[in-house]
Amino acid sequence: MTDTHVSRVRMTGVSKRYGALQSLDDVSLTLAPGEVLGLVGDNGAGKSTLSKVLSGAVIPDAGTIEIDGREVAFASPADARAAHIEMVYQDLSLCDTIDVAGNLFLGREPKRRVAGVPLLDKKAMHERARDMLSNLGIVIPDTRMKVENLSGGQRQSIAIGRAASFDPSVLIMDEPTAALAVAEVEAVLELIRTVSQRGVSVILITHRLQDLFLVCDRIQVMYEGRNVAERRIEETNIEDVVNLIVGRKFAARSAGHNREKGA
Amino acid sequence: MSSEPNAYASHPPRLREATLLDKLVANGGVMSIALFFLACCIFFSATTDAFLTAPNLLNVIRQSAPLLIVAAAMTFVITTGGIDLSVGSMLALAATLSAAALQAGVPWPLAILLMLLLGAAVGGIQGYFIAYERIPAFIVTLAGLSVIRGFALLITGGYSIPIEPTSPFVSLGRAWVLGIPAPALIAIVVIAVAYVAFNETHFGRYVTGVGANAEATRRAGVNTRGVILWVYVLSGTAAAAAGVILSARLGSGSSNAGQGFELDVIAAVVLGGTSLFGGRGSITGTILGALTVAVLANGLILSHLSPFFTPIVTGFIILIAIWLNFRLFRGGAKGR
C-alpha cells in the first residue's frame with residue numbers, strides 16, 4: 001500500500017513553540033493513500049499539536065506540508081477541510097445546544113433559497129444525517145436531539161460520523177476510543193479498516209496500544225516534540241513500542257506478557 | 001453500534017422519541033416566561049378597567065417598540081456569550097444626532113439612513129475589539145456606554161433638540177398604519193426578520209455555535225470572529241433605529257434618553273430564557289420577555305401605584321422567573 005510514488009501527506013521540518021515550550025521540533029510525517037498510521041507518544045509528546053497543524057487548527061512556526069505532492073499552507077481549519085482533511089478532536093468539538101444533524105453539518109449546512117434568501121435546509125439535513133449515521137452503523141434515535149442529551153459514546157460516534165462522512169482523503173483521529181464501551185471500540189476500529197480500504201489515509205492517535213496492532217500499517221513514535229522512531233507494524237510488538245515511547249528499556253507489566261510470544 | 005442484529009435486539013429501545021412534554025421541558029425558558037406574561041395580563045385585566053382595552057394595548061406595543069427592536073438584536077449578542085451595554089447610549093446618540101441633522105436641513109430619509117450607518121459603524125468598532133482583539137465584551141461595551149453617551153452630551157450641550165412637528169420624520173413615531181402604530185409595525189417587521197435569521201439561517205446557527213463551543217465552531221471551518229463582529233453591528237444598528245423611533249415619537253432628541261435602557265433590554269432577553277453563558281437563545285422568549293417588562297410598567301401605572309414601584313417589581317419578577325426556569329423546567333432536562 002505504501003508503494004505509491006506520491007505521498008498523500010508529507011510534512012517536513014514542522015516546528016511550533018508555545019512560549020518557553022518547544023511543542024514540535026523539526027517533525028516530519030508521511031502518509032500514503034489508504035495507509036493507517038499510528039501516532040504514539042507520552043502525554044505532551046506533541047501528537048495532538050502535530051495533528052492540529054495538519055487539520056489547520058494550529059499554524060506552525062516553520063515547516064512545509066504537501067498534500068498529494070502539492071505544497072499547501074493552512075491558515076484555518078476551513079482550508080484543511082477544503083483539502084479533504086478531517087479530524088476527530090480529542091474533546092470531540094461538538095456544540096451541546098445544537099441538535100445531532102446540526103452538529104454533523106456544522107460549517108457546511110445545506111442551503112435552500114426562499115425568494116433568493118439562503119436559508120438552512122433543515123429537512124435535507126435531518127434526512128441526510130439519518131443516512132450518514134446508519135451507513136456507519138451508528139444508532140441515534142432522533143437527529144433532532146440536542147447533543148447535550150446524548151451519552152459519551154453517542155457523542156463520540158457523532159464526532160467520528162461527522163469526520164468520516166464528507167469524503168475525506170485524510171482522517172485524523174485523536175483518541176477516538178477513549179470514552180467508548182467495548183462494542184463501540186470494535187465498531188470504531190472496523191470503521192477505520194473500512195475507510196482505509198476505500199483509500200482514505202488515517203492517522204490514529206491512541207494510548208490503547210493493542211488497538212494499533214489491529215488496524216495500523218505503520219507506527220510513528222514521538223518523544224518531547226521530536227520523532228524518535230518509525231516501525232512497520234509487522235516488525236514490532238507492544239513491548240518494543242512501549243520502550244520507544246518511554247525512551248528506555250522499560251519492564252512494564254503492561255508489556256511484560258508479550259515477552260514470551262513477541263521477542 | 002454493530003450492524004449485525006444481536007441477541008438482545010428484541011429489547012425495547014431505552015431512548016424514546018421526544019414527546020410533547022419533553023419539548024415543553026426543553027423550551028422551559030420560553031414556557032415559564034409565557035406563563036408569567038399571561039399571569040401579568042390576567043392580573044392587570046382583573047384589577048384595572050383600563051388595561052384590557054385596544055387603545056391601551058396598542059399603546060403598550062407602541063411604547064415598547066424600541067425595547068423589542070433592540071432586544072431582538074441583543075438576543076444574538078447574548079447567544080454568542082457576549083453582552084452589549086452600549087445600546088442605551090447609542091440610542092441617545094442616534095436620537096440627538098437625528099434631531100440635529102433635521103435641524104441642519106438634512107432630508108429626513110437621509111438622516112435615518114445616516115443614523116443606521118452610524119449605529120452599524122459604532123457596533124462594528126466595538127465588535128472589532130471584541131472579536132479580533134479579544135477584549136471581553138463587557139469591558140468594550142462598558143467603555144462604549146461611557147464614550148457614546150459622552151458624545152451625545154457634548155454635541156447637545158445637555159439640551160434636548162426639538163424636531164419640527166410638521167416634518168414627515170415624526171410620523172415614524174406617531175403615525176398609524178392600518179390601525180397599528182408605525183413603531184409597532186416596524187418592531188413586528190424587525191422581530192420577524194430576527195426570528196428567521198436566528199432559527200433558519202446559517203448565520204443564526206453559527207451564533208448559537210459560537211455561544212455553545214466557539215473553538216468547535218471555528219474548527220468546523222466557520223469564521224467565528226466574523227460572526228462575533230456582526231452581532232455587534234446588528235445591536236448597534238438596532239439601537240440606532242430605536243433612537244430614531246424614540247426621537248420621532250417624542251418630537252425631540254435628548255442626550256439623556258435611554259438611561260438604563262440597556263438593563264431593560266438585557267432583562268427582557270434573559271427573562272425570555274436566553275442564557276447569559278451563550279449557546280441558548282430564543283427570539284420568541286425575547287418577545288415575551290420584552291412585552292412582560294412593558295406590561296408590568298403599564299399595569300403598575302394603571303393600578304395607580306407609584307411609578308417608582310416599577311423597577312422594584314421588575315427586579316423581583318426577573319429573579320423569580322429565572323428561579324422558576326432553573327428549578328421547575330430544567331429539572332427534567334440535564335442539570336447543567
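Predicted model: local features only at pLDDT ≥ 70, side-chain atom pairs only at ≥ 80, totals over all residues.
Student: Taking helices (H or I, at least four residues) and strands (E, at least two) as DSSP runs numbered from the N terminus, when do two strands pair?

Tutor: Two strands pair if DSSP finds at least two bridges between them. Residues are numbered from 1 along each chain as its sequence is written, with chains lettered from A and ligands numbered from 1 in the order in which they are written.

Student: How many bridges join strand E1 of chain A to strand E2 of chain A?

Tutor: Seven bridges link E1 (residues 9–18) and E2 (residues 21–31) of chain A, and the two strands run antiparallel. One of the bridge partners in E2(A) is A:Leu31, which faces A:Val9. Two residues lie between the strands of this hairpin, where A:Gly19 has a positive phi near 60°.

Student: Which residues other than glycine take a positive phi?

Tutor: B:Arg134 is one of them, with phi near 60°. B:Leu178 is another, at about 55°. Most residues other than glycine have a negative phi.

Student: Where is B:Arg134 found, and is B:Arg134 buried or exposed?

Tutor: The loop between helix H5 (108–131) and helix H6 (137–156) of chain B holds B:Arg134. A residue is buried if 20 or more other C-beta atoms, placed from the backbone, lie within 10 Å of its own, exposed if 12 or fewer, and partly exposed in between. B:Arg134 has 9 C-beta neighbours inside 10 Å and therefore counts as exposed.

Student: And where does B:Leu178 lie?

Tutor: B:Leu178 lies in the loop between strand E2 (176–177) and strand E3 (180–181) of chain B. B:Leu178 is exposed, because 5 other C-beta atoms are within 10 Å.

Student: Now the interior of chain B: what percentage of the residues is buried?

Tutor: Of the 336 residues in chain B, 49% are buried. The chain has 13 helices and four strands.

Student: Which residues touch the most other members of the largest nonpolar core?

Tutor: A nonpolar core is a set of buried Ala, Val, Leu, Ile, Met, Phe, Trp, Tyr and Cys residues joined through C-beta atoms within 7 Å. In the largest one, which has 172 residues, B:Val70 and B:Leu91 touch the most other members. Helix H10 (residues 224–250) of chain B supplies the largest share of this core, 17 residues. Beyond its neighbours within four places in sequence, B:Val70 is in contact (C-beta atoms, placed from the backbone, within 7 Å) with B:Val87, B:Ala238, B:Ala239, B:Ala242 and B:Val265.

Student: Back to chain A: why is H5(A) largely enclosed?

Tutor: Ten of its 13 residues are buried, so H5(A) is largely enclosed by the rest of the structure. Among the buried residues are A:Gln154, A:Ile158, A:Ile160 and A:Arg162. The cover includes strand E6 (85–88), helix H3 (100–104), helix H4 (122–135), strand E9 (170–174) and H6 of chain A.

Student: How many residues does each chain give to the contact?

Tutor: Chain A gives 28 residues and chain B gives 26. On the side of chain A that touches chain B, helix H2 (77–82), strand E8 (117–120) and helix H6 (182–197) each give two or more residues.

Student: Finally, what does the model score in ipTM and pTM?

Tutor: The scores are ipTM 0.81 and pTM 0.86. Chain A averages a pLDDT of 85, and chain B averages 86.

Student: Where in chain A is confidence lowest?

Tutor: In chain A, helix H10 (residues 258–261) is lowest, at a mean of 46, whereas strand E10 (residues 201–205) is highest, at 93. In chain B, pLDDT stays under 50 over residues 331–336, for which the model has six contacts beyond four places in sequence.

Technical notes. Contact = placed C-beta atoms within 7 Å. pLDDT = per-residue confidence, 0-100.
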